[in-house]
Amino acid sequence: MPHSATLPKTSLSNTRASFPQAARPGLATRLTPRTVAEWEARLGVGSVPTRPRPDRFTGHSGTTAYSPTVDVRIAEPETFHAMRFAQSLSSIVTYCALQPAMTMERTAERVRNEPSDSLVVSVSGMRGQSLIRQNGREFVYGPGDLVFVSNATPYSLVTNAVADPSGLLIPFNRLGKHRHIAERLQRPIAANTPLARAAAVFVRRFAAETSALNAGQATGTVSEQAAVDLIVAALS
C-alpha cells in the first residue's frame, strides 16, 4: 500500500468515480522538511529517546526499491523521495509510509511472475484523495477510509498529493473462513460504519506502535491476532 486543499468527498457507494487530474492549490505533491516533521510527530517518533529512523527511498533506484512487486511511476523519477517504517511480525507486516503523489501499479505480468496471496489494508490521514482501479472498477478514497486491496489480482493506485498510508499486509490464510472475501473483493473500501471507522483508527495506531515506536520488540500473539480479527470483522 507503500499515500493541501480539500477535494470533494466522493460517495463510497459509487462504482465509478471521477478523479481530479491534478492537485488543487495547496495540495503538496512532494515531501518537504515540514511534511516529514509533521508525519513523525503524528506517529510519535519525535519524542522517543532513541529516535527510530525510517527507510528512505530516493531517485530512480528508490522507485524500484520502494515496492518490489509493484511498479512505481512518477513524472520526474529523479525527484522521487519516500520514507517508510515497516516491521515483520509473526505472520503479518505492518508499515507507516510517507510518499509523494504517484501511481503504483501491480500489473497482470507481476501477478503471474510474482504471486502474492495477501491482503493490503491501508488508511491515510492526510488531505487529498486516491484512486484505486481493480477488477474493472474505480473507487476514490480519502482521509480515514479503511481500504482493502488484494495483491492476488492486478490493480493500480493513483495518489494526487503527498500521502501517509499506514496499514497491514495479511496473508489470506490468516483470514480463516473469510479468505474468499479477500480473494474476490467487490470493492476496496470498507463501508462507512462505526466498525470500519474504529478499525481504521486502530490500524493506524497499531501500525505506528509496531513498525516505528516499538520496532524490533516482540509483539504478543494475542495483540497480533486481535488486529487480524478486527480486520476480518470489518472485511465481512
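**Around helix 5**

Modeller: Helix 1 (33-43), strand 3, strand 4 (93-98), strand 6, strand 11 and helix 6 are among what covers the buried residues of helix 5. Contact here is heavy atoms within 4.5 Å, and buried is under 20% relative accessible area with a 1.4 Å probe, protein chains only. Helices (H or I, at least four residues) and strands (E, at least two) are DSSP runs, numbered from the N terminus.

Colleague: Where do these values come from?

Modeller: This is a predicted model, where local features need pLDDT of at least 70 and side-chain atom pairs count only at pLDDT 80 or more, while totals for chains, interfaces and linings use all residues. Residues are numbered from 1 along each chain, and side-chain values use heavy atoms, without hydrogens and water.

Colleague: Which residues in helix 5 are buried?

Modeller: Among them are Ala 196, Val 203, Phe 206 and Leu 213.

Colleague: And how many residues are in the largest nonpolar core?

Modeller: That core has 25 residues, and Leu 119, Val 121 and Phe 148 are among those with the most contacts inside it. A nonpolar core is a set of buried Ala, Val, Leu, Ile, Met, Phe, Trp, Tyr and Cys residues joined through side-chain atoms within 4.5 Å.

Colleague: Which helix gives the most to this core?

Modeller: Helix 6, with six residues.

Colleague: New topic: what does the side chain of Arg 84 reach?

Modeller: The backbone oxygen of Tyr 66, at 2.7 Å. Arg 84 sits in strand 3 (residues 81-88).

Terms used:
Buried < 20%, exposed > 50% of the residue type's maximum accessible area, 1.4 Å probe, protein only. Polar contact = N/O pair within 3.5 Å; in protein donor to acceptor, adjacent residues only side chain to side chain.
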